[in-house]
Amino acid sequence: MKSSELLKLLEYIGPLSISDEFCKKYDHYDNSGILVDSGEDITGILFSLDLSAKAVQEAKKQGFNAIVTHHPAIFGAINSLSVGDNKTSQIAECLKSGITVISMHLNFDAAPEGIDYHLMQGLGGDAGKTLVKLSGGAYGRVYDIKPRKLYEYVEFIKKNFGTDRVIYYGAKDKVIRRVSSFCGAGCDDESIAFSVEEGVDVFVSSDLKHHQITALLSHGISVICLTHYASENYGFNKIYKKIIEELNVPAAYFCDAELL
């Protein structure tokens with residue numbers, strides 16, 4: 001399999017055009033696509049949320065020569081590459097070891113059945129209103145769930161996402177019926193206003209700041225904070241399970257439990 005063929009397969013889930021539209025509409029920056037190309041045919045693929053040292057080691061251990069990440073392996077400017085530099089060591093190691101790297105970021109977040117969509121599903125939702133509306137996808141969702149008390153809902157989330165690292169704010173016995181969720185670091189003024197307008201009971205995301213939490217609580221909205229990793233690993237793994245059905249080379253999924 002050529003790197004271009006793998007990219008084409010990944011784009012069936014989330015075309016790069018979604019990222020382009022997202023960035024143009026909201027003045028964001030992204031760097032998705034083939035970021036490291038070894039020039040060799042791909043014979044094995046590791047899927048990992050990040051291009052971490054652990055992920056590169058795992059790919060080498062498995063004998064794989066490609067890694068597909070969600071977070072861009074290269075995001076900002078790079079002036080030089082070195083295996084001894086913290087910023088570029090994994091990129092340099094991939095080049096040295098003949099490992100191709102493809103990153104699928106905002107396009108996988110906002111794809112029709114992308115990471116944000118799967119976050120909703122994992123939180124017990126099925127369909128609802130979306131905040132960011134794109135021609136090829138969406139991001140940020142409000143939906144109804146089976147009513148649960150807040151503390152019961154948190155336990156449900158811990159079990160479904162395989163993590164104990166969940167922080168919540170609000171009365172534990174409050175009944176939760178309506179949820180807003182945003183994968184990754186999705187809390188800002190717009191998502192808060194959207195949640196208030198839609199009358200949600202709880203706001204779910206990650207990397208929330210103190211003033212954002214207090215703002216939500218002041219509107220009577222409880223808050224559930226997942227780790228950034230947990231909020232996106234769930235959906236990225238779902239995408240992996242769908243894609244492996246179409247691959248003609250070995251593949252595996254790497255999950256870093258220390259970040260979950």
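## A pair to start from

Ser-181 faces Val-204 of strand S9. Another pairing with S9 is that of Val-179, whose bridge partner there is Val-202. Both pairs involve strands S8 (residues 175-181) and S9 (residues 202-206), which run parallel and are joined by 3 bridges. Here, two strands count as paired if DSSP finds at least two bridges between them. Helices (H or I, at least four residues) and strands (E, at least two) are DSSP runs numbered from the N terminus.

A word on the model itself: it is predicted, with local features needing pLDDT of at least 70 and side-chain atom pairs counting only at pLDDT 80 or more, while totals for chains, interfaces and linings use all residues. Residues are numbered from 1 along each chain as its sequence is written, and side-chain values use heavy atoms, leaving out hydrogens and water.

## The sheet around S8

S8 also pairs with S6, this time in the antiparallel sense, over 6 bridges. Arg-148 stands opposite Ile-176 of S8. S8 is mostly covered, with 5 of its 7 residues buried (under 20% relative accessible area; exposed is over 50% and partly exposed lies in between, with a 1.4 Å probe and protein chains only).

Stepping back, 6 strands make up an open sheet of mixed pairing, in the order S5-S6-S8-S9-S10-S7. Strands S5 (129-134) and S7 (167-169) are at the edges with a single partner strand each, so one side of each has no neighbour in the sheet. On average, neighbouring strands are turned by 20° against each other, direction ignored.

## Helices on the sheet

Helix H8 (residues 189-197) lies across S5, S6 (137-149), S8 and S9, and runs at about 140° to S5. Axes are lines fitted to C-alpha atoms, for helices over the stretch in contact, and angles run from 0 to 180 degrees between N-to-C directions. Together, S8, H8 and S9 form a right-handed β-α-β unit: with the strands pointing away from the viewer, the path from the first strand over the helix to the second runs clockwise.

Helix H9 (residues 210-218) packs on the sheet too, touching S7, S9 and S10 (222-226), and its direction makes about 145° with that of S10. Contact means heavy atoms within 4.5 Å.

## An enclosed helix

Helix H6 (residues 115-122) has 7 of its 8 residues buried, so the rest of the structure largely encloses it. Among them are Ile-115, Tyr-117, Leu-119 and Met-120. The buried residues of H6 pack against helices H5 (106-110), H7 (150-161) and H10 (228-243), as well as S6, S8 and S10. After H6 comes Gly-124, which has a positive phi near 100°.
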